[in-house]
Amino acid sequence: MEFVLGGFSSCCAVLFTNPFDVLKTRQQLEGELLAKGSVKNRAYRGLGQSIVTVVKTDGLRGLYKGLPAAVLYQFSMNSLRLGTYQTVDNLGWTRSDNALLTPFLSVFWGGIAGISASVSCPFYVIKTQMQAVSSGSYTTKFQHRHTGVVAAFRNIYREGGIKGLYRGYTAHMARITMGSATQMASFTACKDFFVQYELFQESVVLTALASSTVAGFFTSVLMSPCDVITTRMTNQGVSSTGKGLLYKNIFDCFVKIYRSEGVHGMYKGFVPLYVRVVPHSVLNLTFWDIFKKLYDRY
């Protein structure tokens with residue numbers, strides 16, 4: 001049941017945070033493989049301008065592009081990720097004999113939980129491609145115009161088979177493993193610290209908000225390069241044989257981004273990524289706590 005509750009809580013959270021995911025994706029794809037400063041009249045410069053651009057070109061509904069795929073992605077990913085971590089934490093495998101959190105074990109099991117959730121890759125591919133599509137001036141090299149999730153599955157499978165649905169799998173696995181290990185370890189450590197010293201008088205919401213704010217920063221810093229690479233690899237165009245037109249693999253993608261865009265390229269979309277991670281963690285935890293209490297009651 002831990003797995004199901006973790007999945008449903010994430011689905012509820014993404015209803016509120018999907019707009020920031022759209023902004024992140026657009027920023028990461030704008031000026032792809034172009035040197036910093038060479039893109040004039042950027043449409044997605046900063047969080048505020050990005051919101052205005054999306055609303056102008058696609059309306060308010062544009063902020064919720066890819067939502068069905070995002071919901072499926074969150075459920076398939078976090079039902080496994082949160083369920084696995086919560087299970088091992090309940091068993092005491094992340095703590096020492098005196099019930100104190102062990103950083104190494106927390107990072108290790110957080111990473112394992114992330115690896116188990118990498119099966120959600122097809123939904124991430126579809127989500128990214130649908131979020132990247134704009135009705136206005138195109139700022140991405142490729143526009144995959146799927147009419148829906150089912151059509152996206154069909155189109156991607158037709159282009160590259162099962163391998164096409166797992167395009168960028170290695171980057172996705174690195175992203176989710178790095179993010180999960182950092183997020184779960186730092187969030188749990190912060191939460192234990194705040195509870196131990198009663199800084200928020202045992203308030204679940206305030207403790208979650210403070211823990212997510214701190215953990216979200218470290219998670220975003222460490223995960224951002226992997227996140228950019230994953231977005232680029234999953235949205236790139238493919239040849240008639242199903243091969244990527246821009247990137248061969250995760251290492252080729254990293255080198256090309258670094259050479260053409262520098263370190264800045266690895267952190268495109270950092271602000272919306274961070275702004276998404278913090279409330280998503282708070283909402284996820286809050287919904288999870290509510291669902292667990294309802295389950296225990298009934």
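Since the model is predicted, local features need pLDDT of at least 70 and side-chain atom pairs count only at pLDDT 80 or more, while totals for chains, interfaces and linings use all residues. Residues are numbered from 1 along each chain as its sequence is written, and side-chain values use heavy atoms, with hydrogens and water left out.

Start with the rings. A pair of aromatic rings is described by the distance of the centres and the angle of the planes. Here, rings of Phe, Tyr and Trp (its six-membered ring) pair if their centres lie within 6.5 Å; planes under 30 degrees apart are stacked, over 60 edge-to-face, and the rest tilted. That rule gives eight aromatic pairs. One of them joins Phe-217 and Phe-218 edge-to-face, with 5.8 Å centre to centre and 75° between the planes. Phe-217 also pairs edge-to-face with Tyr-274, this time at 6.4 Å and 85°. Phe-217 lies in helix α8 (residues 204–235) and Tyr-274 in helix α10 (residues 270–297), so this pair ties together parts that are 57 residues apart in sequence. Helices are DSSP runs (H or I, at least four residues), numbered from the N terminus. Put together, Phe-217, Phe-218 and Tyr-274 make one aromatic cluster.

As for exposure, buried means under 20% relative accessible area and exposed over 50%, with partly exposed in between (1.4 Å probe, protein chains only). Phe-217 comes out partly exposed at 41%, Phe-218 is partly exposed at 45%, and Tyr-274 is partly exposed at 23%.

Lys-127 turns up over two rings. A charge sits over a ring if NZ of Lys or CZ of Arg is within 6 Å of the ring centre and within 35 degrees of the ring normal. The charged end of Lys-127 is 4.4 Å from the ring centre of Tyr-124, and Lys-127 also lies over the face of Tyr-73, at 6.0 Å from the ring centre.

On the surface, Phe-254, Val-255, Tyr-258, Val-263 and Tyr-267 form a nonpolar patch with about 440 Å² of accessible area together. Patch members have over 30% relative accessible area and no salt bridge, with like charges joined within 9 Å and nonpolar side chains (Val, Leu, Ile, Met, Phe, Trp, Tyr) within 5 Å; a salt bridge is a side-chain nitrogen of Lys or Arg within 4 Å of a carboxyl oxygen of Asp or Glu. Accessible areas come from the Shrake-Rupley method with a 1.4 Å probe. Val-255 belongs to helix α9 (residues 250–266).

Finally, Leu-33 is not a glycine, yet has a positive phi of about 60°.

Terms used: Helices (H or I, at least four residues) and strands (E, at least two) are DSSP runs, numbered from the N terminus.
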